[in-house]
Amino acid sequence: MKFLIVGLGNPGNEYAHTRHNVGFDVVNAFVMKHGGTFRADRLAYVAEVKWKGKKFICICPTTYMNLSGKAVKYWMDKEKIPVENILIIVDEVAIPINKLRLRPAGSDGGHNGLKSIHDSLGTTEFARLRFGIGNNYPRGMQSEYVLGKWYKQDEPLIKLKIDMAVGVIEAFATIGIAMAMNQVNNKEFSLE
């Protein structure tokens with residue numbers, strides 16, 4: 001069983017650990033937890049992880065967000081991974097900061113990374129874990145907010161949610177998407 005786990009974000013230090021790059025942070029946490037290491041490869045940073053008899057090809061595309069689909073398509077084809085074994089981790093302003101939402105398919109919701117993947121794969125039938133980043137920004141400032149760093153007071157919650165998201169990747173691969181969705185979709189995460 002092979003899975004393609006994709007964290008969306010932008011390459012470069014100026015984007016590191018911003019809200020828009022939380023996909024990179026989740027995939028990185030998953031790879032670290034399972035003792036993998038990333039290497040620079042074609043269109044992405046790539047790590048291979050073996051866990052519970054399964055193989056995970058984990059990628060953080062280096063194509064920039066708007067061209068993420070090129071990297072996803074390349075690694076999906078190269079590793080011969082079926083679309084139902086792909087999980088995309090993506091930031092989402094339409095979801096509150098204390099939530100994660102796992103879906104088996106759906107629209108791009110205006111997210112350029114998801115749109116690129118949809119265009120490259122020719123389908124919206126791929127699983128995505130939407131990491132709520134909230135929408136705590138003044139009108140007209142969405143871009144600055146999304147590309148900005150987390151507020152200090154939110155960092156402990158984000159760390160907790162990244163750990164939870166790693167658990168979602170594991171659940172997706174072991175118990176399947178339906179049961180994984182039941183575990184995570186109606187949960188509100190808090191530090192209390």
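I take helices (H or I, at least four residues) and strands (E, at least two) as DSSP runs, numbered from the N terminus.

I am working on a predicted model, where local features need pLDDT of at least 70, side-chain atom pairs count only at pLDDT 80 or more, and totals for chains, interfaces and linings use all residues. Residues are numbered from 1 along each chain as its sequence is written, and side-chain values use heavy atoms, with hydrogens and water left out.

**Lysine 187.** I looked up its place first. Lysine 187 sits in the segment after helix 6 (177-184). Lysine 187 counts as partly exposed because its relative accessibility is 41%. Next I checked contacts, meaning heavy atoms within 4.5 Å. Not counting residues up to four places away in sequence, lysine 187 touches Asn98 and Lys99.

**Overall fold.** I count 6 helices and 7 strands in the chain. Read from the N terminus, the order is β-α-β-β-β-α-β-β-α-β-α-α-α. The C-alpha trace spans about 45 × 35 × 30 Å along its principal axes. Of the 192 residues, 51% count as buried. Among contacts with a separation of 6 or more, 70% join residues 24 or more positions apart. For surface, I used accessible areas from the Shrake-Rupley method with a 1.4 Å probe; for residues, only the protein chains shown count as cover. The chain exposes about 9,100 Å², and carbon and sulfur atoms supply 52% of that.

**Nonpolar cores.** I define a nonpolar core as a set of buried Ala, Val, Leu, Ile, Met, Phe, Trp, Tyr and Cys residues joined through side-chain atoms within 4.5 Å. In soluble globular proteins, nonpolar side chains tend to be buried together. The largest core here has 40 residues, and Ile5, Phe56, Cys58, Leu87 and Phe131 touch the most other members. Helix 5 (residues 155-174) gives the most to this core, with 10 residues. Another core lies apart from it, with 20 residues, among them Ala44, Val46, Ile59 and Val72.

**Cysteines.** I searched the whole structure for disulfides, meaning pairs of cysteine sulfur atoms within 2.5 Å. The search finds 0. Cysteine 58 is in no disulfide, and the nearest cysteine sulfur, that of cysteine 60, is 8.3 Å away. Cysteine 58 counts as buried because its relative accessibility is 0%. Leaving aside neighbours within four places in sequence, cysteine 58 contacts several residues, including Ile5, Val27, Phe30 and Tyr45. Cysteine 60 is buried too, with a relative accessible area of 5%.

**Positive phi.** Histidine 17 has a positive phi near 60 degrees. Its place is the loop between strand 1 (2-7) and helix 1 (22-33). Histidine 17 is partly exposed, at 49% relative accessible area. Tyrosine 64 has a positive phi of about 75 degrees. Tyrosine 64 lies in the loop between strand 4 (54-61) and helix 2 (68-79). At 42% relative accessible area, tyrosine 64 is partly exposed.

Key:
Buried means under 20% relative accessible area, exposed over 50%, partly exposed in between (1.4 Å probe, protein chains only).
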